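Welcome! Here is a short tour for someone meeting this structure for the first time. Take a look at it below, and then we can walk through some of its residues together.

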Amino acid sequence: MENPKRAMRFMKCLAWMYSSLCVMAVADSLAQCNEGDYYFEYTECDSTGSRWRVAIPQRPGECTGLPDPVQGTDCTFSCEAGEFLEMSAQECTQCAAGSYSLGSGIRFEEWDDIPPGFSSVATYLDNTPHGQEGPSCNGSSWIAQGSYVESNRDECSVSLVYAVHLKKQGSVSFDYQYVDNNIFFEFFIQNDQCQEMEKTSDQKWMKLTSNGQWSKHTVSLKSGTNVLYWRTTGVTVGAKVVKPVLLKNIQIEGVAYMSECLPCKPGTFSKAPGSSSCELCPRNTYSGRGASSCTPCNTSTHYALEGSTMCKARPACSKKDYFQIHSVCDEEGKTQIIYKWIEPKICLEDASDAVTLPPSGKREPCPPCNPGFYNNNTATCLPCPQGTYSDGLKECQPCPAGTEPALGYEYKWWNILPANIKSSCFNVANTKCDGMNGWEVAGDHIRSGAGGSDNDYLILNLKVPGFRLPTSISGTSGTEFGRITFVFETICTADCELYFMMDTDRRSTSVVESWEGSKEKQSYTHIMTKNASVSYTWAFQRTNQAKDVRQYINDMVKMYSITVTNALDGVASSCRACAIESQQPGSACVPCPAGYYIDEETNQCLECPPNTFLSGHHVYGRDACQPCGPGSRSNKEHSLCFSDCSFTYLELNQTLQFDFSPLGFTGSIMNGPSFTSKGTKYYHLFNISLCGLEGHRPAVCSDNVTDLSDKDPHSTESNSVEAFICQSTVIPSDGRGFRVALTSQSTGLADSFLGATIEKSLNGVAARPELFPTAPRRVPDINFYYRSPQTTSSCENGRNTVVTLRCNPEKSAKGEISVPRECPAGTCDGCTFHFLWESSSACPRCTEADYHQIEGACKGGVQDTVYVWTEPRLCTGGVALPVKKSMPCEMIDFWLKVGAGVGAFCAVLLISLTCYVWNKNKKLEFKYSKLVMSANKECELPAADSCAIMEGEGEEVEDEVVYSKPSLLRKLKAIATKGNEQSSEAVQLKSSQAERWVWG
């Protein structure tokens, strides 16, 4: 074995010597490397923080004589912004004009394609139904859109991934737009071991943004490898299309150095050396990549928008290139119609088929002032002073005694924009509409403006600093502080959409409602249940598809009126009655206590009758106290009606009493799983607060998508909805990589309790018992009716809910809640929800009529009486079964014995008399026969057809002998006389021919 090993080592040595000689021979024939044949790089940092600079050939094997490695700069070394590290001298050098540098960072602002280093990874993170294959997500990815990148629009989970190695601590920042809560958007960081890195105060889940608004997010990075993930997961539970997440301006700080400057992207330039950024080319100029200046266009025939990469030919002017506005009212109360070209003007007026701008200057009467304002013979409408009111046509007048101003906004005439309303224009991809008015006034309405592109967001914003209830009702405990109502219509030929959004206390803007396509003139109302500063926003977009040519300029939204009640800084268009201290003249308004109304005659505060509630904030007159529904009562403040968990029903002269206290605490049902069109699994969670708790509506549904934090994933702080009944969409955590289950789309289904009854309808809300199995027992179902007045585009009258309680002794006290089989989401039309709650607690309370007694036999002188429930038992609680009773039974046994003895004696006596009478009867028959025979011999009586039945003459007997027997008393008398031969018997002979009597 030793010799073969030596031979093998010898052969390897020969091969190495031969290869060395070959390399030396080749090296002698290669040319010396020039500076352009190689580039420098640093080695990895060692444990001491040092590194080496080495030369790397551009094309290995084509030259020789590379520079020797030298000691490099410190690993934490970096250049300033606008500089790069020149590797040959290892010194920082300014960037040339037409390029830029961040120094120790990199920025991604061009998204014509996905930049190198980024990858889009699509995964389907949900489980499909058993036995089915999940949908393919191969076609789902983040899509580059020029100046930004947008997420996928389907239900796949897609991650935009970028890995960076930092030599020192740094950060990552990016701008994002996230407007649709049907998407779960998260940003997190992993190390090179695929472990999610812990963060302190940085949040994983992104906050929602307003339509057209960008938000900036910054997260600290540790030195070493950082893998950045932007992940979105769509859940299209509803019918609306998912709005994608948009990203731009991703910037990473902490890179040790930049070995070269980055050229300015087309449409931008940097004119001075040492630039840290590039500027957009002005209007009517353009540039290519790496430009230090912009080239002007021939403005007579061509144009270019800001940041253009080329000049475009000007088209002929058309009707789509101008719009009309109304001028401010002059001193004569006139306004002019003015026509203007859309700016920037890009069309040619002198083209052969061009249209001309219509003449301006036509004067029209100005619209009147809005209610609460007055015109003091000037062109300006001024708000009425405090304590006065006006309808907009007359001068301001003080409110009469016993009244106070009804503050608010009522905008229905649009000559100028009110001071608290602002208009703007915004585009996701460009800035060409910045500074434009998004909306234009038009007399009796305000409408969307022209904008710069068809996909601009035309924004109208109304700010309300807060709400103030009228003096008379400031002490009430109602849930309505104010309401906003607006009348609008949309006229569209494309996929336009109008958003109505709300931002409370400057926390985050949420979409309240949206409308797609053309909509007829209609009204929408939103109720404010919290006293806070609020910003209402309307955003109109003609189409979400970016196009260079304007096609839908005539698509618009018209807003006819906007009304806000109880606004803190509002004006008064009318006065409302208030409670006064006394009947003395000049008496001031005073607040009424909770649950009191204002008497129409005395203007004094009077308490509402029991079991009535005040409707909204209308407290004037006795009619303001409305009666509660059946099976309900009012709380102490008379602000709402609720069920105290008791119910009484009269049936067949029997009173049934129910106690639903075990059902009073919040009950829940999570039905599902359900699957969307692509198979995403989700559940519907319903929380129900049936009764009790003075109507405080403790059912809470939380939305934790935008509030989950890596620091505390179980935090209780979240956006929540509180109502009698609420609904949430739950995305399970299994198989998703999420730490907890996600809840979103929380909605209140029941804000007010209408009543409880066995009837099939109440106040316009109908139960549908046919949706559930028929009740097999005689106890009636009890329906609890609820209503939520908040309207939506699909539910113009709000939402309704019916909870049907059914007695089922087989269920537990808490029972079981179910939804209709035909409508697994709990509703068949999206507006009325139905639930069946089967429970033993839904059975009536037990009474004496629900049990009966059973008496046992007398044993050992004791008799037991027990009580049992009547089966089937259809009651619960109430009276208890009486305990078993035991009674002595001696007296009862004695009389039984006496009765048995008397009965036995009578039976013996009766049998004896029967035997005696039978024997006596035989003797009488014998005497009778002798008498008949002797009578035939001694007496001359008429011949009879037959006196007796002779032998052999049975078939010819036609006569019948009938005699009357003496009574038992007479027989006894006859026995007593024993010798009295005078006694006789009468025998009747009945013949077919004649009747004869024989006396003896």
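Let's begin at Ser423, which has its place in strand E34, residues 421–426. Please keep in mind that this is a predicted model.

- Is Ser423 buried or exposed? Ser423 counts as buried, because its relative accessibility is 16% and the cut-off for buried is under 20%.
- The side chain of Ser423 has a polar atom 2.8 Å from the backbone nitrogen of Gly438.
- A polar atom of the Ser423 side chain also lies 2.7 Å from the backbone nitrogen of Trp439.
- Not counting residues up to four places away in sequence, Ser423 touches Leu417, Asn437, Gly438, Trp439, Ile459 and Leu460.

**Nonpolar cores**

- In soluble globular proteins, nonpolar side chains tend to be buried together.
- The largest nonpolar core here has 38 residues. Which of them touch the most other members? They are Trp439, Leu462, Val464, Phe486, Tyr536, Trp538 and Ile562.
- Phe486 has contacts with Phe500, Trp515, Gln522, Ser523, Tyr524, Trp538, Met559, Ser561 and Ile562, once its neighbours within four places in sequence are left aside.
- Another core, of 34 residues, lies apart from this one, and its members include Cys645, Ile669, Leu749 and Ile782.

- Cys645 sits in the loop between strand E52 (641–642) and strand E53 (646–651).
- With a relative accessible area of 5%, Cys645 is buried, because that value is under 20%.
- Cys645 is a residue other than glycine, yet its phi is positive, near 75°.

**A nonpolar patch on the surface**

- Which residues form a nonpolar patch on the surface? The patch is made of Phe905, Leu909 and Leu913, which together have about 310 Å² of accessible area.
- Leu913 belongs to helix H2, residues 890–938.
- Leu913 is partly exposed, since its relative accessible area is 45%, which falls between the limits of 20% and 50%.

- Ile338 is found in strand E27, residues 334–341, and counts as partly exposed at 21% relative accessibility.
- The C-alpha atoms of Ile338 and Ser360 are 4.6 Å from each other, although 22 residues separate them along the chain.
- Apart from neighbours within four places in sequence, Ile338 is in contact with Phe323, Gln324, Ile325, Ser327 and Ser360.
- Arg576 has its place in strand E44, residues 571–577, and counts as partly exposed with 28% relative accessibility.
- Arg576 and Gly402 are 174 residues apart along the chain, and a distance of 8.5 Å separates their C-alpha atoms.

**Backbone details in loops**

- Gln90 lies in the loop between strand E6 (83–86) and strand E7 (91–94).
- Although Gln90 is not a glycine, its phi is positive, at about 55°.
- Gln90 is buried, with a relative accessible area of 17%.
- Which peptide bond is cis, with omega near -5°? It is the bond from Glu871 to Pro872.
- Pro872 can be found in the loop between strand E69 (862–869) and strand E70 (885–888).

Definitions and conventions
Residues are numbered from 1 along each chain as its sequence is written. This is a predicted model: local features need pLDDT of at least 70, side-chain atom pairs count only at pLDDT 80 or more; totals for chains, interfaces and linings use all residues. Side-chain values use heavy atoms; hydrogens and water are left out. A nonpolar core is a set of buried Ala, Val, Leu, Ile, Met, Phe, Trp, Tyr and Cys residues joined through side-chain atoms within 4.5 Å. Buried means under 20% relative accessible area, exposed over 50%, partly exposed in between (1.4 Å probe, protein chains only). Contact means heavy atoms within 4.5 Å. Helices (H or I, at least four residues) and strands (E, at least two) are DSSP runs, numbered from the N terminus. Patches are made of residues with over 30% relative accessible area and no salt bridge: like charges are joined within 9 Å, nonpolar side chains (Val, Leu, Ile, Met, Phe, Trp, Tyr) within 5 Å. Accessible areas come from the Shrake-Rupley method with a 1.4 Å probe; for residues, only the protein chains shown count as cover. A salt bridge is a side-chain nitrogen of Lys or Arg within 4 Å of a carboxyl oxygen of Asp or Glu. A polar contact is a pair of N or O atoms within 3.5 Å; within protein, one must be able to donate a hydrogen and the other to accept it, and residues adjacent in sequence count only if both atoms are side-chain atoms.
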